[in-house]
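Q: Please take one part of this structure and go through it closely. I would like to know which residues sit there and what they touch.

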Amino acid sequence: MRTEADSELEAIAGIARSASRRSPLYRWLHARHDAFAALFREDRPGWQALAGGFAGLGLLSPEGRPLTPEAVRHTWWRVRRDVAASRREVPPACRRDAVRTGPPSVAAPESPVTDRAAPGPDADDVLARFRSKVNERSGRRT
């Protein structure tokens with residue numbers, strides 16, 4: 001059942017797509033990123049054949065000409081970069097697959113530096129041996 005709000009949203013989405021700075025190929029690849037990436041895991045298709053296939057789907061360059069293999073390859077690189085960046089930016093708690101089990105935990109404040117244990121008496125000896133070994137391996141003799 002379609003509502004008036006749905007048809008209004010579709011109309012606005014069409015306007016947004018037509019005014020987008022992204023090419024139809026970019027939008028096509030972005031919408032199907034995971035499935036298209038799976039094709040590359042199975043077999044690496046040729047860019048020339050892909051360009052012809054996209055032209056057959058009606059996806060053309062911004063000038064209305066058939067896509068070149070290089071344009072398809074570069075567009076795919078941009079889509080992959082953008083999808084990877086968008087997936088890194090989403091905090092885990094905001095992802096749909098995140099499971100919430102309660103309120104977010106608050107980390108306990110760190111203790112001041114003065115509360116930390118002082119190095120043991122052997123620490124200076126260990127450091128001296130380490131420096132000696134580093135100097136020996138680097139060719140320095142001190």
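A: A residue counts as buried when its relative accessible area is under 20%, and as exposed when that area is over 50%. The model discussed here is predicted. Across the chain, buried residues make up 15% of the 142 residues.

The chain contains six helices and zero strands, and read from the N terminus its elements follow the order α-α-α-α-α-α. Among contacts between residues at least 6 apart in sequence, 53% join residues that are at least 24 apart.

Thr75 belongs to helix 5. If neighbours within four places in sequence are set aside, the contacts of Thr75 are Ser23, Leu25, Tyr26 and Leu29. Leu25, Tyr26 and Leu29 are also among the residues through which helix 2 meets helix 5.

That meeting can be described by its geometry. The axes of helix 2 and helix 5 are 9 Å apart, and the two helices pack at an angle of about 50 degrees. Because of this angle, helix 2 is oblique to helix 5. The crossing of the two helices is right-handed. On the side of helix 2, the contact is made by Leu25, Tyr26, Leu29 and His30. Helix 5 supplies Ala71, Val72, Thr75, Trp76, Arg78, Val79, Asp82 and Val83. Sorted by class, the residues of the contact between helix 2 and helix 5 are eight nonpolar, two polar and two charged.

Beyond its neighbours within four places in sequence, Leu29 is in contact with Phe36, Phe54, Thr75, Trp76 and Val79. The largest nonpolar core has 16 residues, and those touching the most other members are Leu25, Leu29, Phe36, Leu50, Phe54, Val72 and Trp76. Two or more residues of this core come from each of helix 2 (24–31), helix 3 (33–42), helix 4 (47–56) and helix 5 (69–89). As a general point, nonpolar side chains tend to be buried together in soluble globular proteins.

Phe36 is the next residue to look at, and it lies in helix 3. Its relative accessible area is 5%, so Phe36 is buried. Not counting residues up to four places away in sequence, Phe36 touches Trp28, Leu29, Leu50, Phe54 and Trp76. Phe36 and Trp76 are 40 residues apart in sequence, while their C-alpha atoms are 9.5 Å apart in space.

Leu50, Phe54 and Trp76 also take part in the contact of helix 4 with helix 5. These two helices pack at an angle of about 90 degrees, with their axes 8 Å apart. Helix 4 is therefore roughly perpendicular to helix 5. Trp47, Gln48, Leu50, Ala51 and Phe54 of helix 4 meet Pro69, Val72, Arg73 and Trp76 of helix 5. By class, the residues of this contact are seven nonpolar, one polar and one charged.

Conventions:
Residues are numbered from 1 along each chain as its sequence is written. This is a predicted model: local features need pLDDT of at least 70, side-chain atom pairs count only at pLDDT 80 or more; totals for chains, interfaces and linings use all residues. Side-chain values use heavy atoms; hydrogens and water are left out. A nonpolar core is a set of buried Ala, Val, Leu, Ile, Met, Phe, Trp, Tyr and Cys residues joined through side-chain atoms within 4.5 Å. Buried means under 20% relative accessible area, exposed over 50%, partly exposed in between (1.4 Å probe, protein chains only). Helices (H or I, at least four residues) and strands (E, at least two) are DSSP runs, numbered from the N terminus. Contact means heavy atoms within 4.5 Å. Axes are lines fitted to C-alpha atoms, for helices over the stretch in contact, and angles run from 0 to 180 degrees between N-to-C directions. Angles under 35 degrees count as roughly parallel, over 145 as roughly antiparallel, 65 to 115 as roughly perpendicular and the rest as oblique. A crossing is left-handed if the near helix is turned anticlockwise from the far one by less than a right angle, and right-handed if clockwise. Ala, Val, Leu, Ile, Met, Phe, Trp, Tyr, Cys and Pro count as nonpolar, Asp, Glu, Lys and Arg as charged, and the others, Gly among them, as polar.
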